[in-house]
Amino acid sequence: NNILHKAALSGSERVIKYFLSILREIPGSVTFQSVNSNQETPMHFAFVRNNPMALKLIFEMNEKRLLDLLTAVTIPGLLTPLHIAAALGNTKTIKFLLEHPSIQSPEIKNMVINARDGMGRTPVFLASSHGHASCVKLLAL
């Protein structure tokens, strides 16, 4: 993991902002697109922490690549960030994502919500199979 993975995992807005301020000054430094040895981005970690504020900062840094990051399947875990949030029952981050302006077009929202993991499962399937009814309600189109 790089420093941004650790910052996202901390769930602290202050920590994330601090590292972002440092990294902005270093050309070619690590970014939120950086992956760890499991092919996970810092966004995956922010979804695990169920922290909309951390996600907001990540989204602001990645407007151009946001859709790629949201639909990227990790290699070993075979999950997108939304799959992780759905499996963990993280309603705050799911709601934040679904309300984010960058995915409001029906085509993009459909692509993100219906992304399939490496085993062909959708986020709503994982939420349902883990008993997270509130997440299912949010993800049902």
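## Threonine 80

Threonine 80 counts as buried because its relative accessibility is 0% (buried means under 20% relative accessible area, exposed over 50%, partly exposed in between, with a 1.4 Å probe and protein chains only). Threonine 80 sits in the loop between α5 (66–71) and α6 (81–88). Helices here are DSSP runs of H or I with at least four residues, numbered from the N terminus. The threonine 80 side chain makes a polar contact with the side chain of histidine 83, at 2.6 Å. A polar contact is a pair of N or O atoms within 3.5 Å; within protein, one must be able to donate a hydrogen and the other to accept it, and residues adjacent in sequence count only if both atoms are side-chain atoms.

This is a predicted model: local features need pLDDT of at least 70, side-chain atom pairs count only at pLDDT 80 or more, and totals for chains, interfaces and linings use all residues. Residues are numbered from 1 along each chain as its sequence is written, and side-chain values use heavy atoms, with hydrogens and water left out.

Alanine 85 is in helix α6. Its relative accessibility is 0%, so alanine 85 counts as buried. Leaving aside neighbours within four places in sequence, alanine 85 is in contact with Phe47, Asn90, Thr93 and Ile94 (contact means heavy atoms within 4.5 Å). Asparagine 50 is 35 residues away along the chain, yet the two C-alpha atoms are separated by 7.2 Å.

The axes of α6 and α7 come within 8 Å and cross at roughly 140°. Axes are lines fitted to C-alpha atoms, for helices over the stretch in contact, and angles run from 0 to 180 degrees between N-to-C directions. The two helices α6 and α7 are therefore oblique to each other. From α6, Leu82, Ala85 and Ala86 make the contact; from α7, Thr93, Ile94 and Leu97 do. Angles under 35 degrees count as roughly parallel, over 145 as roughly antiparallel, 65 to 115 as roughly perpendicular and the rest as oblique.

## The nonpolar core

The largest nonpolar core has 28 residues. Such a core is a set of buried Ala, Val, Leu, Ile, Met, Phe, Trp, Tyr and Cys residues joined through side-chain atoms within 4.5 Å. Those with the most contacts inside it are Phe47, Leu55, Phe59, Leu82, Ile94, Leu97 and Leu139. Helices that each supply at least two core residues include α3 (42–49), α4 (52–61), α6 and α7 (91–99). The largest share, five residues, comes from α4.

Leucine 55 is in contact with Met43, Ala46, Phe47, Thr93 and Phe96, leaving aside neighbours within four places in sequence.

## Helix α3

Helix α3 is largely enclosed by the rest of the structure, because six of its eight residues are buried. The buried residues are Pro42, Met43, His44, Phe45, Ala46 and Phe47. Asparagine 50 follows α3 and has a positive phi, near 55°.

## Helices α1 and α2

α1 and α2 pack at an angle of about 160°, with axes 8 Å apart. That makes α1 roughly antiparallel to α2. Ile3, Leu4, Ala7, Ala8 and Ser10 of α1 meet Val15, Ile16, Phe19, Leu20 and Leu23 of α2.

Glycine 11 lies in the loop between α1 and α2. Glycine 11 is buried, with a relative accessible area of 17%. Not counting residues up to four places away in sequence, glycine 11 touches Arg49 and Asn51.
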